[in-house]
Amino acid sequence: MLAILGEPGEQLERGDSGGRGATHDDDVSPSTPAAGGSSMGSEDASNTQASSEVERGSRLRISPRARALAAERGLDVSGITGTGPFGRIVIEDVRHAVSPETAGSAGAPVAESESGAATSSPFTLIPVRGARKVTAQRMHESLSSTAQVTLTRYADANHLLAFVSRLRQVTDVQKAGKIGVNDVLLYAVARVVARHPEANSWFAWDGIKQFHDVNLGFAVDTGQALLVPVIRGADTLSLGEIARAARTSINKARSGAITADDMAGGTFTLTNLGSLGVHWFTPVLNPPQSCILGVGAAHRSAPDAPALLPLSLTFDHRALDGAAAAKLLADLADGIATVDVLAAL
């Protein structure tokens with residue numbers, strides 16, 4: 001016994017069963033002529049045959065899988081010649097139409113890869129998983145569960161840049177560990193935040209924890225995800241100790257050796273996009289921390305003008321008020337401007 005399968009609502013069509021053999025399609029077997037039917041007069045049979053011919057000419061025959069693949073590729077199937085029984089378009093016809101040799105003539109969108117090779121897909125799908133997924137989840141949680149406000153101002157960077165330049169000269173001569181701008185910023189921020197316990201805090205509805213030590217987190221771009229290692233007790237460390245701790249954490253982060261413990265317990269975070277030429281941006285809190293400082297690229301309005309360092313402080317308004325945040329930002333700007341003196345005390 002022969003079983004005939006078709007699409008929902010599809011009618012069987014008359015045709016010559018002795019023609020081409022069936023073309024294999026994984027979805028649906030081709031329609032075949034009905035084996036029998038009720039008797040009718042010659043006029044009725046003629047009308048039925050004419051109606052069938054009109055339907056055959058106006059109705060596109062395509063299997064479900066072929067239709068789905070064509071939709072996925074954005075392909076206009078009206079220009080495809082079906083090779084299935086009675087001209088039915090099967091999945092192999094669509095696959096042939098989107099191949100590099102024929103996609104242009106069939107109307108399928110063709111994109112070029114970096115190597116210049118043609119590809120039938122107009123995009124590349126990157127799975128959201130691993131470190132990228134964790135970062136995305138934390139960012140979403142931060143923005144949806146806190147009352148974030150950002151304040152901005154400049155810091156005078158003349159003395160900071162001169163201090164770093166002098167340090168580099170000395171460390172190069174002595175072949176000691178390098179101390180860069182970010183290390184000096186970490187040092188200044190840790191010392192200033194220690195004087196603002198309301199900013200060195202975690203917010204929770206059952207109480208705000210104000211910490212006695214500054215466990216300073218700093219953002220590290222690994223190329224795969226943004227990680228935030230923590231320098232514990234940063235306010236008690238010398239500039240050289242902070243530089244060594246930061247260098248160790250960066251190496252661990254970029255080599256994949258960093259652990260969850262290395263990133264736990266932060267009470268304040270610094271993120272620096274100055275090396276990428278960014279001036280102003282809105283840092284996103286690292287919950288449950290109450291504050292994060294963003295640093296932009298130092299620049300001058302004129303060759304003889306002072307170097308200005310953009311600072312963006314995002315704070316959780318539930319943990320501290322705007323006035324307290326403004327005072328913190330002013331002290332951070334002052335600490336950065338006088339970091340060369342601060343390091344000598």
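Gly87 lies in the loop between α2 (64-73) and α3 (91-97), where helices (H or I, at least four residues) and strands (E, at least two) are DSSP runs numbered from the N terminus. With a relative accessible area of 35%, Gly87 is partly exposed; buried denotes under 20% relative accessible area, exposed over 50%, and partly exposed the range in between (1.4 Å probe, protein chains only). The C-alpha atom of Gly87 is separated by 9.1 Å from that of Leu60, 27 residues away along the chain. The model is predicted, with local features requiring pLDDT of at least 70 and side-chain atom pairs counted only at pLDDT 80 or more, whereas totals for chains, interfaces and linings use all residues. Residues are numbered from 1 along each chain as its sequence is written, and side-chain values use heavy atoms, with hydrogens and water left out.

The protein chain contains 10 helices and 12 strands. Of its 345 residues, 37% count as buried. Among contacts with a separation of 6 or more, 62% are accounted for by residues 24 or more positions apart, a contact being defined by heavy atoms within 4.5 Å. The accessible surface of the protein chain amounts to about 19400 Å², of which carbon and sulfur atoms contribute 54%; accessible areas were derived by the Shrake-Rupley method with a 1.4 Å probe, and for residues only the protein chains shown count as cover.

Helix α7 (residues 181-193) packs against helix α9 (residues 322-337) at an angle of about 135 degrees, with the axes 9 Å apart. α7 is therefore oblique to α9. Axes are lines fitted to C-alpha atoms, for helices over the stretch in contact, and angles run from 0 to 180 degrees between N-to-C directions; those under 35 degrees count as roughly parallel, over 145 as roughly antiparallel, 65 to 115 as roughly perpendicular, and the rest as oblique. The crossing of α7 and α9 is right-handed, a crossing being left-handed if the near helix is turned anticlockwise from the far one by less than a right angle and right-handed if clockwise. In this pairing, Leu185, Ala188, Val189, Val192 and Val193 of α7 meet Leu328, Asp331, Leu332, Gly335 and Ile336 of α9.

α7 also packs with helix α8 (residues 239-255), the two axes coming within 9 Å and crossing at roughly 120 degrees. The relation between α7 and α8 is therefore oblique, and α7 passes α8 in a right-handed crossing. Here Asp183, Val184, Leu186 and Tyr187 of α7 meet Leu239, Ile242, Ala243 and Ala246 of α8.

Three aromatic pairs are present in the structure. The ring centres of Trp202 and Phe211 are 4.9 Å apart and the planes stand at 65 degrees, so this pair is edge-to-face. Rings of Phe, Tyr and Trp (its six-membered ring) pair if their centres lie within 6.5 Å, with planes under 30 degrees apart counted as stacked, over 60 as edge-to-face and the rest as tilted. Trp202, at 23% relative accessibility, counts as partly exposed, as does Phe211 at 26%. Phe203 and Trp205 form another edge-to-face pair, with 5.0 Å from centre to centre and 80 degrees between the planes. Phe203 counts as buried at 13% relative accessibility, whereas Trp205 is exposed, with a relative accessible area of 74%.

Most peptide bonds are trans. A cis peptide bond joins Pro287 and Pro288, with omega about 5 degrees. Pro288 is located in the loop between β10 (268-272) and β11 (291-295).
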